[in-house]
Structure formats: C-alpha cells, structure tokens
There are 2 protein chains.
Amino acid sequence: MPAETSTQQLIARRNRLLGPAYRLFYEQPVHVVRGEGIWLYDAAGKRYLDAYNNVACVGHCHPRVIEAIARQAAVLNTHTRYLHETILDYAERLLATFPAEIGQVMFTCTGSEANDLALRVARTCTSGTGVIVTRTAYHGVTGALAELSPSLGLPEPTAPHVRLVPAPQSAGDETGEIFANHVRTAFADMARNGIRPAALLVDTIFSSDGVFADPPGFLRPAVEAAHAAGALFIADEVQPGFGRCGQGLWGFARHGIVPDMVTMGKPMGNGHPIAAMAARPDLLREFGARSRYFNTFGGNPVSAAAGMAVLDVIEREGLVENAGRTGALLRQRLDALRARHELVAEVRGAGLFIGVELRHGGAPAGQQAARIVNALRETGVLISAAGPGGNVLKIRPPLVFGAEHVDLLVDALDQALLENSPG
Amino acid sequence: MPAETSTQQLIARRNRLLGPAYRLFYEQPVHVVRGEGIWLYDAAGKRYLDAYNNVACVGHCHPRVIEAIARQAAVLNTHTRYLHETILDYAERLLATFPAEIGQVMFTCTGSEANDLALRVARTCTSGTGVIVTRTAYHGVTGALAELSPSLGLPEPTAPHVRLVPAPQSAGDETGEIFANHVRTAFADMARNGIRPAALLVDTIFSSDGVFADPPGFLRPAVEAAHAAGALFIADEVQPGFGRCGQGLWGFARHGIVPDMVTMGKPMGNGHPIAAMAARPDLLREFGARSRYFNTFGGNPVSAAAGMAVLDVIEREGLVENAGRTGALLRQRLDALRARHELVAEVRGAGLFIGVELRHGGAPAGQQAARIVNALRETGVLISAAGPGGNVLKIRPPLVFGAEHVDLLVDALDQALLENSPG
C-alpha cells in the first residue's frame with residue numbers, strides 16, 4: 001500500500017485508540033521505525049537528520065545504555081524500600097556534578113513528577129503557595145503543573161496563586177535587571193493579595209518562551225529577588241540539563257547561581273523513564289519530617305543503571321565539549337544566514353540548544369516558521385518551533401551532532417528559507 | 001566486613017544521599033542484589049520468598065520481558081509525537097480487556113501520573129472539584145494526589161474539596177448499601193458547601209484501607225450514587241489490576257460495574273516504568289477539546305514492548321487462573337490458622353491479594369502485626385502490613401506463586417504467630 005495511505009490509516013487508528021488529546025509533529029506526521037545515532041528512519045526507509053530530540057542525548061539506541069539496561073534488568077529490578085547500591089552510586093555521581101549546597105537527590109520517573117515534587121517541597125518549607133513562572137512556560141502535565149504551564153494554552157484562567165512574568169527578551173546589560181524587576185513586581189502583587197510566596201520556577205534556557213541564554217548571569221538578580229521575598233528558586237533543568245548548553249552539565253551554572261532545588265529528566269536515561277529532583281538537605285529535612293515519599297519505579301536499579309551509563313557516555317565521548325564546539329559552529333553558520341534571509345531576526349542559545357527567531361515586517365513570523373519546519377521535514381531534517389508566536393525555530397539535536405550534520409542542517413535550512421520567504 | 005556493618009553503612013550512605021523522606025521496609029532492611037521468579041536474594045546470599053511485590057507480577061527478571069525491552073531499545077525509543085505501531089498494537093490489546101464503554105487509553109509512566117490525569121479529566125468534564133476517597137486511601141504522590149491520600153499521614157488538613165468516607169468493613173449483604181450511604185452523605189455535604197462534585201475515586205481492592213473484596217458487587221450502589229450526584233467513577237486498578245484478583249484482569253469487574261475511567265500501573269511492565277489511564281471516549285473528547293497532553297516517556301515504543309510482553313506472559317503462563325487457584329488455596333490455609341491463633345481475626349481478599357487482620361482483645365493488633373512482619377523477614381519471607389491500624393498483614397506475591405510457596409509462607413506465618421502471640 002502507498003506510504004501516504006498507510007500513514008493516514010495509522011493516524012485514524014491512533015485517534016480511535018488514544019483519543020484527541022495527543023498531538024503529532026508536522027503536517028505529514030513521521031512514522032518512525034528505527035533510530036541510530038543522529039538518524040531516524042521512517043517505514044519507507046527514508047532517513048531523517050534528528051536536530052530536535054534532546055531525550056536521545058547520547059544518540060538514538062546507544063549500545064552502552066541498552067546494554068546497561070538489559071544487564072541490570074536480568075539481575076534485579078525492585079524499588080527504594082529495599083537497600084540497593086546502584087541507586088546510591090548513581091546519586092553520589094550525580095550530586096558530584098552540583099554545587100556543594102545541593103547535597104541530596106530524590107528520584108522520580110518524569111520531569112513532571114520532579115517539578116511536582118519540588119513544588120510540594122517548596123510549599124511545605126515556605127508555608128506559601130505563590131509561584132512565579134514565565135509567560136510561555138512549560139513545566140509539566142500534572143494538575144499542579146498544568147496551571148504553571150501557560151504554553152499548554154489551557155482555557156482555564158491562571159490560578160490565583162500563580163503570577164506570570166515576561167521571559168527575558170534581549171541580550172543586553174539590562175536583561176537581568178529587567179527580568180528581576182518583573183519578578184519583584186509579581187512578588188509585591190502576591191503580598192498585596194495576601195499570597196505567601198513559595199517559589200520562582202524557571203527553565204534555565206527558557207525553551208518554550210523562545211530560548212533565551214544570554215548574557216550569562218542574567219538570572220542572578222531574579223534569584224536574589226526570590227530569596228528576598230522568602231521564596232525558593234527552582235531551576236528546571238529538564239530541557240537544558242546534562243551538558244546540552246556546552247559548558248558543564250547544568251544551565252543554571254552559566255548564570256553563576258546556586259538554586260535551592262534542581263529538577264531534571266528528559267535526557268537522563270537516553271529515553272528510559274528516569275528523572276530527579278536535587279535539593280538543599282535542609283529543605284528535605286523539613287519535608288521529610290512532615291511527609292514521606294515513595295515512587296514505585298523512581299530510582300529502581302535498572303533506571304539507575306541507565307542513568308549511570310548516560311553519564312559514562314557523556315564523559316567518555318566528551319559530549320559536553322562537543323555540544324560547546326559543535327554548538328558554536330552551528331550558531332556561527334546560522335548567524336551567517338541572517339545576511340542572506342531577511343526573515344532571520346536573531347540566532348541565540350547555548351551549546352546545542354539554539355533558537356532562530358523569524359520576524360517579518362517587525363512581527364513574529366509564526367506561519368513562516370511552521371512552513372519551514374514542515375519543509376525541512378520533507379527534505380529529511382527534523383526540528384520544531386517554540387515561543388509565544390511559534391516563530392522561533394527550536395534546534396536541539398542529540399549531543400553527538402558533528403560538523404557534517406551542521407552542514408546538512410544549515411544547507412537544508414538555507415534552502416527552506418529561500419523557498420518560504422514572505423515576498 | 002560483617003553483613004550488619006555493611007547494612008548500617010548502606011543505610012547511613014542512603015540517608016546522606018537521598019534524604020529523610022524515603023522509608024525502608026523492616027527493622028533490619030533487606031539489601032537485595034538479585035531476583036528470580038518468586039525469590040529475592042540478599043548480599044549475603046540468603047534467599048527470601050517474595051510474598052509482597054506485585055510489581056514483578058510475572059516473576060522477578062522474567063526473560064521474555066527483558067528480551068522485549070532490550071530488543072525494542074536497540075531499534076527505536078522515541079515518543080508519541082511521531083507515529084509508531086507498537087503503542088497502537090498495545091493500546092488495542094489492552095483496551096480489548098475492558099468493557100466496550102472504555103474505548104481509549106492514554107499512557108503515562110507511573111500510577112501517580114495516571115491518577116493525576118484522571119483527576120484532570122474528571123475536573124474538566126464535570127466542571128467540579130469535589131472528590132471522595134476512603135479514609136486510609138492511597139492514590140499517589142503528586143501534589144493533587146497527596147491530598148487524596150490520607151494514608152500518607154500528612155499533617156496538612158484535608159483540602160476543602162475532599163471528602164473521606166469509611167472503607168467497606170464487613171462482608172455482608174449490607175456492605176454495598178452502607179458504603180453507598182457514606183458516599184451519598186459526602187456528596188450531600190459537598191452540595192451544602194457549594195462544592196461541585198468531580199469524582200468518586202477508589203482502589204477496587206481497598207489495599208491501604210486493609211484489603212476489602214467481598215461480597216463481589218458491593219461497589220455498585222456507590223457508583224450509582226456518584227453518577228446520581230453528577231460525579232465520575234474512577235477505578236484505581238494500580239494495585240488490583242492485571243489479573244491479581246484471580247478473575248479477569250480487573251478488580252472492578254468483580255463488582256459488575258463499568259467505571260468512567262480506569263487507572264493502572266505497578267505490574268504493567270513488570271518493573272519497567274509504564275502506567276496508563278483508560279476512559280470513555282466522550283470524556284477524552286471533551287478533555288482533548290480543551291487540553292492537549294504530552295508525556296515525553298509515556299507510551300514510548302520500549303515501554304509498549306514491555307507492556308505487551310507482560311500481557312503475553314500472563315496469557316501464556318495462565319497467571320490469572322493461577323492467581324485464582326493459588327489464591328484460593330492460600331486463603332484456605334490462612335483461614336485454618338484462625339483456629340490455632342487467637343490473633344487472626346479475619347482472612348479476606350481476592351486471588352493473590354490477601355489481607356490477614358490481626359486483633360487482640362477486640363482491638364487492632366498493629367504492634368503484633370509489625371513484629372510478625374519483621375519475624376517473617378528474619379526467616380526469609382517478605383510481606384508487609386496495611387490498614388488504618390497497621391494490623392492487616394498484606395500478602396501480594398508475584399502471580400507465579402505456586403502451592404509449594406503457599407506451604408512455605410503459611411508454615412512460616414504459623415511459627416511467627418506462635419512466637420509473637422500476645423501471651
């Protein structure tokens with residue numbers, strides 16, 4: 001049967017079985033059947049350069065991670081109500097990547113669970129409920145996080161204890177102070193309304209807001225403002241974490257700050273469901289005195305083995321350095337497209353987390369971004385778009401992306417920009 | 001180094017790395033290093049009869065499940081924003097086990113995420129917030145579920161939109177009507193307080209309440225009461241599901257009811273983190289029209305392969321029938337202990353989900369239950385205790401439990417009861 005018929009049948013079957021809350025990427029969704037390194041393959045054998053998936057951070061189907069999972073699964077898979085060394089070895093190794101203040105870690109299965117737990121801890125330790133997030137933030141899908149994730153576009157009005165602030169917009173000397181002022185204003189508004197603050201929660205690369213990374217350090221005044229208001233600062237590293245920013249493992253480190261809690265997930269097990277929340281021990285002491293926590297699958301020996309294997313590969317293959325080196329090359333090549341294409345307003349990001357903002361006549365060019373994302377998919381390159389106007393091309397490939405992949409991506413984007421320019 | 005020193009060092013290391021919110025089983029926690037079928041082994045080589053862990057439902061380290069995970073992990077592990085057939089094949093197979101009304105399924109990674117999602121759907125579709133749960137219920141660890149899980153013993157007062165009802169206590173003709181009356185009273189109280197009802201949420205085996213299964217059908221009047229009040233009925237099958245009750249795959253089926261939503265998890269992937277929420281399509285139509293849902297790891301091809309392998313093994317090895325057969329034998333043997341031990345007040349349950357209630361002088365014998373659980377651990381048999389008084393021995397072994405394991409368990413319990421009788 002023709003590939004298109006088959007795809008339409010799969011979509012119909014999917015809608016029937018999984019319902020309408022799920023979304024597919026692209027006007028012509030991709031039916032993937034195989035992955036290897038930086039490549040995904042569809043059912044017709046066509047190959048796609050994966051310039052989007054951060055989950056497979058060490059490359060699709062990395063043999064070392066698969067082997068670690070299979071080996072541990074054959075020996076033991078239980079939970080944290082028994083003693084087991086792998087989870088402690090992994091916790092120790094993970095914690096060694098954080099500032100000394102972040103001394104303990106709790107394991108979950110998803111970034112949503114990690115953020116939800118951080119929120120529970122923040123609310124317990126501050127006796128407050130108020131949370132500040134950015135205007136197009138995404139932090140997860142639990143009930144408590146959906147109301148902190150305006151990028152989901154839910155029709156529900158924002159909950160009374162939530163305040164939205166504009167994401168940092170420009171990479172200038174004033175960026176940090178402007179952002180901190182918004183944060184201060186939001187805390188003052190909480191105070192006027194009798195809402196006790198609990199947390200400032202931000203994705204340290206502002207992914208769904210449109211990718212804002214510079215200048216390094218701009219988060220510091222906002223974190224100080226949060227502390228001055230009695231709130232905790234939660235660094236959501238689910239997207240920027242594990243070396244993607246090309247400089248150490250964590251996005252917050254670029255800003256010279258020490259969070260009170262750090263959440264992480266997506267790339268942590270290269271696709272195996274593992275996530276975590278690391279925190280200051282004094283916070284967990286208070287939380288632990290009032291609550292106990294058990295996550296049946298969280299921190300099981302197989303997940304710990306997967307997490308350990310990912311850290312091994314990142315280290316052995318020098319992937320943080322690669323993210324820095326290849327990321328710099330990619331930004332330089334993308335930046336050169338600005339001279340050739342009026343649509344390209346700005347190229348920004350850190351390491352292999354890059355946003356390419358498209359604007360037309362001063363306005364966000366969301367429709368052109370969507371056309372370009374779909375055109376690239378047709379030529380065999382996978383990216384997506386983000387930001388409130390959907391006008392920021394989001395480029396976030398596996399960390400094994402090399403110079404040859406940069407060429408393929410930039411040439412394809414150059415061509416797509418040519419064919420989809422507004423005038 | 002002696003095993004005890006090593007255990008104490010592990011505990012200290014664990015407290016230092018993971019913090020104080022985690023709990024360990026047993027006065028002398030078990031340091032497990034290997035699992036196989038019905039057996040767990042500690043670092044000293046001692047073997048334990050596992051009569052507690054429902055997650056490893058087809059037995060620890062079942063080769064078929066491991067092979068399915070390793071095979072799919074080597075080919076592809078992505079997410080639901082691309083088309084993939086394994087997740088659809090699995091969804092189809094899973095949905096075929098439900099009444100026709102439950103026509104769609106959404107995938108998460110944990111039972112907590114599944115219950116949290118069911119709650120979001122219920123609140124969206126009813127425009128209500130009120131939820132009824134039982135007095136010692138446990139439904140998960142997200143912020144929204146912690147307030148519906150009084151068994152966590154949180155010091156926070158119950159949230160204003162939550163009503164607690166006593167779990168069914170006696171297996172009599174009136175059990176269903178008594179439970180339904182409590183439910184009606186709780187809905188009436190919501191109405192008086194201007195709280196619009198959203199859901200009645202129960203674990204269909206009432207595990208943390210102390211295991212209540214009989215008479216079959218007792219849930220029906222309460223479900224009718226929920227519907228009459230405009231609320232939805234959510235069957236939490238995270239513990240009783242996947243054949244444990246020895247009669248079909250689902251605990252609700254014993255009660256001759258059709259839930260509006262069903263949540264499942266723990267045994268679904270035999271330890272691999274997979275969970276789900278199945279629902280009436282009209283509910284998901286309404287939810288999908290107002291919200292989109294994406295769970296990065298939920299429903300990935302590897303998780304789907306693990307889930308499919310578990311269903312294969314349950315079917316090929318006849319584990320539902322075994323749960324019914326071995327469960328009946330186990331209950332019969334446990335019931336015979338009543339004549340020998342005054343402490344044993346009642347033996348109840350369904351299939352391989354059994355509660356043994358201990359009472360002394362008419363009162364719940366929680367201390368004796370704890371002593372017996374710890375004594376069994378010393379002799380190499382793993383169980384736990386549940387219920388508001390901690391006086392119900394909770395027996396919930398992998399479904400591959402056989403007659404020879406029944407002998408080992410009952411003989412050990414007989415001895416532990418002898419040595420720990422109140423005098």
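Q: Where does Pro215(A) sit in the chain?
A: In this predicted model, Pro215(A) is found in the loop of chain A that runs between strand 7 (197–203) and helix 7 (220–228).

Q: And what kind of peptide bond joins it to Asp214(A)?
A: The bond joining Asp214(A) and Pro215(A) is a cis peptide bond, with omega at about -5 degrees.

Q: What about the bond from Asp214(B) to Pro215(B), cis or trans?
A: That peptide bond is cis, with omega near -5 degrees, and Pro215(B) lies in the loop between strand 7 (197–203) and helix 7 (220–228) of chain B.

Q: Staying with phi, what is the value for Val211(B)?
A: Phi of Val211(B) is near 70 degrees, which is a positive value in a residue other than glycine. Val211(B) lies in the loop between strand 7 and helix 7 of chain B.

Q: Is Val211(B) buried or exposed?
A: Val211(B) counts as buried because 29 other C-beta atoms lie within 10 Å, the threshold for that label being 20 or more.

Q: What is phi at Cys61(B)?
A: Cys61(B), also a residue other than glycine, has a positive phi near 55 degrees. Cys61(B) is found in the loop between strand 3 (47–50) and helix 2 of chain B, and Cys61(B) is buried, with 21 other C-beta atoms within 10 Å.

Q: Switching to the whole of chain A, how many helices and strands are there?
A: The secondary structure of chain A comes to 12 helices and 16 strands.

Q: How does the radius of gyration of chain A sit against that of a compact globule?
A: The two agree, because a compact globule of 423 residues would have a radius of gyration near 22 Å and chain A has 21 Å. The C-alpha trace of chain A spans about 60 × 55 × 45 Å along its principal axes, and buried residues make up 59% of the 423 residues. Among the contacts in chain A with a separation of 6 or more, 75% are accounted for by residues 24 or more positions apart.

Q: What domains does the assignment give for chain A?
A: The assignment gives domain 1 (3–58 + 318–419) and domain 2 (63–316), and the C-alpha centres of these two domains of chain A lie 25 Å apart. Their contact takes 25 residues from domain 1 and 31 residues from domain 2.

Q: Which elements give two or more residues to the domain 1 side?
A: On the side of domain 1 of chain A that touches domain 2, those elements are helix 10 (319–340), strand 11 (344–350), strand 12 (353–360) and strand 16 (392–395) of chain A. Helix 10 of chain A gives the largest share of that side, 5 residues, and by class the side has 15 nonpolar, 7 polar and 3 charged residues.

Q: How many residues does each chain put into the contact between chain A and chain B?
A: The contact takes 79 residues from chain B and 79 residues from chain A. Helix 1 of chain B gives the most to the side of chain B that touches chain A, with 7 residues, and that side has 45 nonpolar, 21 polar and 13 charged residues.

Q: Last topic: what is the strand order in the open sheet of 4 strands in chain B?
A: The order is 1-2-3-14, with mixed pairing, and the edge strands are strand 1 and strand 14 (381–382) of chain B, each of which pairs on one side only. Strand 1 and strand 2 (residues 39–42) of chain B pair in the antiparallel sense over 4 bridges, and Gly35(B) stands opposite Leu40(B) in strand 2 of chain B.

Technical notes
Residues numbered from 1 in each chain as written. Chains lettered and ligands numbered in written order. Predicted model: local features only at pLDDT ≥ 70, side-chain atom pairs only at ≥ 80, totals over all residues. Contact = placed C-beta atoms within 7 Å. Nonpolar A, V, L, I, M, F, W, Y, C, P; charged D, E, K, R; others polar. Pairing = 2+ DSSP bridges. Rg over C-alpha atoms; globule rule 2.2 N^0.38 Å. Buried ≥ 20, exposed ≤ 12 C-beta atoms within 10 Å, placed from the backbone. Domains from an automatic or database assignment.
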